[in-house]
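Start by viewing the structure below.

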Amino acid sequence: MIRHAKAGILFRHGLRRVSFLICLGIGGALFSATLIRFAPGYGVQERELDPRWSAKSVEALRQEQVLHEGLASFYFHYLSALAHGDLGESESLKRPVRELLAQRFPLTGSAIVRGLGVAWLAATLLASLGLASRGWFYEASGTAVSSLLLSLPSAVIAMLAVHLRAPTFCAISVVVFPRLHRYMRSLLLRSYDQPHVLAARARGLGGVSIFWRHVLPLATPPLFALLGVSFAIAFGAAIPIEALCDSPGLGQLAWQAALSRDLPLIVNVTLIVCLVMLAANALADLAGRAFAGDTQ
Amino acid sequence: MIRRVCVALTLTLVLCLPPFVGADSASQPGGELHFCLRGEPKTFNPLLVEEDASEAIRYLTGGVLIRLNRQTQALEPSLAVSWKVSPDSRTIKFQLRTGLHFSDGTAFTSEDVAYTMKALMDPQLHSPTGDSFRSGEGQVEIQSPSPDTVAVTFPAPVAGLERLFDQVAILSAHSPKKEMAVLGPFYVADYAPGSSVLLRRNTNYWKKDKDGRPLPYLDSIRLDIQRNRDIEVLRFRRGEIHLINTLDAEYFDRLQKEMPTAAHDEGPGLDSEFMWFNQVPTAPLSEPKKNWFRATEFRRAISMAINRSDLSRVVFGGHAHPAFGPVSPANHFWFNSSLPVPQYDSAGALRLLAQAGFRLQDGTLRDSSGNRVEFTVITNSGNKSREQMTAMIQQDLSQIGIKVNLVTLDFPSLIERITRTYDYEACLLGLVNTDLDPNSQMNVWLSSAENHQWNPKQSKPATTWEAELDGLMHSQASATSDKKRKTDWDRVQQIVAEQQPFIYLVNKDAMSAISPAVVGSAPSVLDPHAFWNADALRLGPDAALGAQK
Amino acid sequence: MNPAQKAAAVTLCVIFALMVLATILVPAPYARQFRDIPNAGPSRAHPLGTDALGRDSLSRLLYGTRVSLLLAPAAALLSTLIAAVLGSAAGFLGGSFERIVLAATDISLALPWLFLLLTVRAMLPLDIPPMASVIIAFLMMGLLGWQASVRVICAAARGVRDSDFLLLARSSGCKPIRLLVCHVAPNLRPLFYAQFWISIPLFILTEANLSILGLGVMEPMPSWGNLLRGFEDFSAVAANPWMLVPLILLVIVVMCFQLVLPSPEVIQ
């Protein structure tokens, strides 16, 4: 009975949280739309400089552009269309936004998932190797590599990836890995220093079994929280990397949308980016809190 | 432990591997030509084409009545076997090739030409291609007395009429596939937005080579959408793409060192880079600044104080030529060769400025009321050569005591400043010229025009020389003899050189890169430089070197 | 301080000294163009060669170091100040104020600022001197870079709120503002320092990223990010390895900042 009530509370809490997130996401998207709307160059097209256009055509082009003069009405139309699942049409690419997102999202998604996979594997490996072996070499080289990577601007990493023709996810994993490694290392270090682990070691248990039986269970809950955080990092990194590498994902789409002041596109792209980032952060938060509750 | 590490390492490696790419159909006889578009094609409708990417696709897929040979700069019959322009330059009569079919099998007749012209000249259809035919108010009349003849009559004389048909790709009046049914050498087979366009050989293409074999030789052309030029060059050097249609100067020398046969410099091209001062009377500038910019001596002095040969040597590595006027020397017929070559002369510039009341005091130039001469040049961000040119102009002008600031802006905000708010002092931009005819620059020189950048949309000419420009432009447009047009246009060039409303800086060379694997290439000064003869291109035996994925 | 930290601190000091002495050390003004020798290799007159316009690379590097190393801490100071005020107030006051601040943090963390910066940049007036544009660039970074610190500071302030000494102070009639200024803030001071120190390398990196995308410091003013723009063409770098020097310097400085930093356990 108590469990039932608890589940109910949890469910209600979750629901509130989700609706709050969605509101926040929409708020962020509308904020960025406002910024773009009032940015210089809104409603201006590069083709106006083409001397082949006659004066009449240029006038027609401009007439065509003055669509979202009132921002309030744009918001209203956008939100009511959004409620029906209609995302509008991109002004610069003349295609439905939904179609564009459907084409681009999977690419970015797969790059992020692969990038995260590689980064997690590498970070786990290096951190656990360094600690389990307790040898200074692994330790020092792991730290050196991660702090070197941490010191490289992500734009340089993206340009390197372009030069080496490495796919985008490699650049993403290179950006995520050092942050992950750092955190994971300190996490494992803390677990290793727990008294019961010390005791186990004093009894002569093998390194592997200490790691699996005592250290990992301790470190798992915060690792789950880390998963959410790392997802947010990867997503945040993917956008500039894609813009620089010119890989046809969401980042490139967002960059183009900003450059061409494409209001419908920018609203939706920021909405998606905001929602994903917020969700990842919230999940991390939730995971952290849930496990903290468990251990209590 | 070690085994686990190995498993994990293998997993990492597997995840690291690039996605498996299916084997390419490289073994087919014609092969696949591979190169990059620099932006997303906005339309596949040939009538609505306005940017480079769509234009490239129109060139490769569209069948036109008359083709401008990019090498000889002469007109050649294409879908029309012959044509005749009436003496008043209003009517053009075509004799069409018979027995041709669109890529989807629909027959080609004069009806298709009539349909295309009607659609193109529809006042509701705003397209640069259509606008270039518009010389006066009224309807276009089209007569097609038989399936292989068609006559088009315009409401007013159109100067250089037949040349304009090079841009008009004929649409099918009846095909269910609408604009996707084409008469050119290739058709659009697949389009992956944001990534690539695949063109395949049009088996119904009319042209044959001299041995009677049907053209084109190539099976397909893959066009990757690639905005980043560094990546494009990188891919060319790796042999992943076969050509670069316009190569930037900064890559030319390095490419030439590595692959001497691949890099081509055709000499000065049609494109020019120039800067101008804002002379709009309503511009939100201070009164003294407006007075400087309106003074002919000031503009001429600036022009004299810019070291153009340094610009072409340092910024473009010698792959550009100092420019004097609106017409590039590459445009053989229309270029006014009697124009004085501008000399770099900062002392002369100072003398000119002194005539206009400016004086140099302790290394700074001041106007007659003692204001320090200082202005900001804007240019579009992300264009390295323009940023560098401005930086060099900055140093050149500092020699005559003028302080120049440089601000780069992204394109939309730059255009807003130069076309709407006029909130700028000077701007450095380039003009991409695809057309040789002076008529294509009508909207630049008429004082009432939108693209009369230094002072657009004037209700009546602000200066006498602008009034003269208006008169000359109108007179050349209605003249029927090329000789008269040339005299008018020469005078326009002379006025521009005297008044310097646009300070022309350099004509960039037309450069392209073509892999040795491509057989039959003949790069030209006119665009498309590298693939203008795409129907006659072939991949050589060592194509594998170029086409590996 | 362990030896590695000492070494890092010494390196930073040396680089700072070089930066201060830039005016004496440089072979030529950073904007002066030696047009006869563009893209030259290292020589006695130009120890790091020249760039595409013939400007001396060493001078540009030293002046760029000055720009980046002076303004990144300034931006870090600004962002830490914002974070300190918002974070400690939110953590201390709790309730709906905390929720609002955290929501604002979440959302500004989630917004793709990179391309919104593009529009912010376009709004600036044209006739500002180059130095002012540099300062504005860093100011904007400072204004937009506070989110991560807010969270950390807020969590710590929450801890302080529930502490015994604060209860004591409150029960003896201390007003909230006074509590915040005299009791909460001093307790969080080490955290503020740590956050400030962490932010410096982050802002150095951010400036580099923005300049590479063309949104940072404007030419002809050099900064590390501007100097790294040459990296777009890696093959040129491979042929002229001395072009790597700005990147190496940047990496060294950022690494030193990270090393000198108190360890993450202390911060979190």
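## Contacts between chains B and C

Two residues are in contact if their C-beta atoms, placed from the backbone, lie within 7 Å. The model is predicted. In the contact between chains B and C, chain B supplies 21 residues and chain C supplies 17 residues. On the chain B side, the elements giving two or more residues are helix H10 (308-315), strand E16 (374-380), helix H12 (384-398) and strand E17 (403-409) of chain B. By class, this side of chain B has 8 nonpolar, 8 polar and 5 charged residues.

## Contacts between chains B and A

Chain B also touches chain A: 40 residues of chain B are in contact with 38 residues of chain A. At least two residues each come from helix H1 (2-16), helix H4 (128-131), helix H6 (229-237), helix H13 (411-421) and helix H14 (442-445) of chain B. H13(B) gives the largest share, 7 residues. The side of chain B that touches chain A divides into 16 nonpolar, 13 polar and 11 charged residues.

## A sheet in chain B

Strands of a sheet pair through backbone hydrogen bonds, either parallel or antiparallel. Chain B has an open sheet of 4 strands in the order E4-E5-E7-E6, and the pairing is antiparallel. Strand E4 (80-85) and strand E6 (141-146) of chain B each have a single partner strand, so one side of each has no neighbour in the sheet. On average, neighbouring strands are turned by 15 degrees against each other, direction ignored.

E6(B) is joined by 4 bridges to strand E7 (residues 149-153) of chain B. B:Ser146 stands opposite B:Thr149 in E7(B). Helix H3 (residues 110-120) of chain B lies across strand E5 (91-96), E6 and E7 of chain B, and runs at about 175 degrees to E6(B).

Terms used:
Residues are numbered from 1 along each chain as its sequence is written. Chains are lettered from A and ligands numbered from 1 in the order in which they are written. This is a predicted model: local features need pLDDT of at least 70, side-chain atom pairs count only at pLDDT 80 or more; totals for chains, interfaces and linings use all residues. Ala, Val, Leu, Ile, Met, Phe, Trp, Tyr, Cys and Pro count as nonpolar, Asp, Glu, Lys and Arg as charged, and the others, Gly among them, as polar. Two strands pair if DSSP finds at least two bridges between them. Axes are lines fitted to C-alpha atoms, for helices over the stretch in contact, and angles run from 0 to 180 degrees between N-to-C directions.
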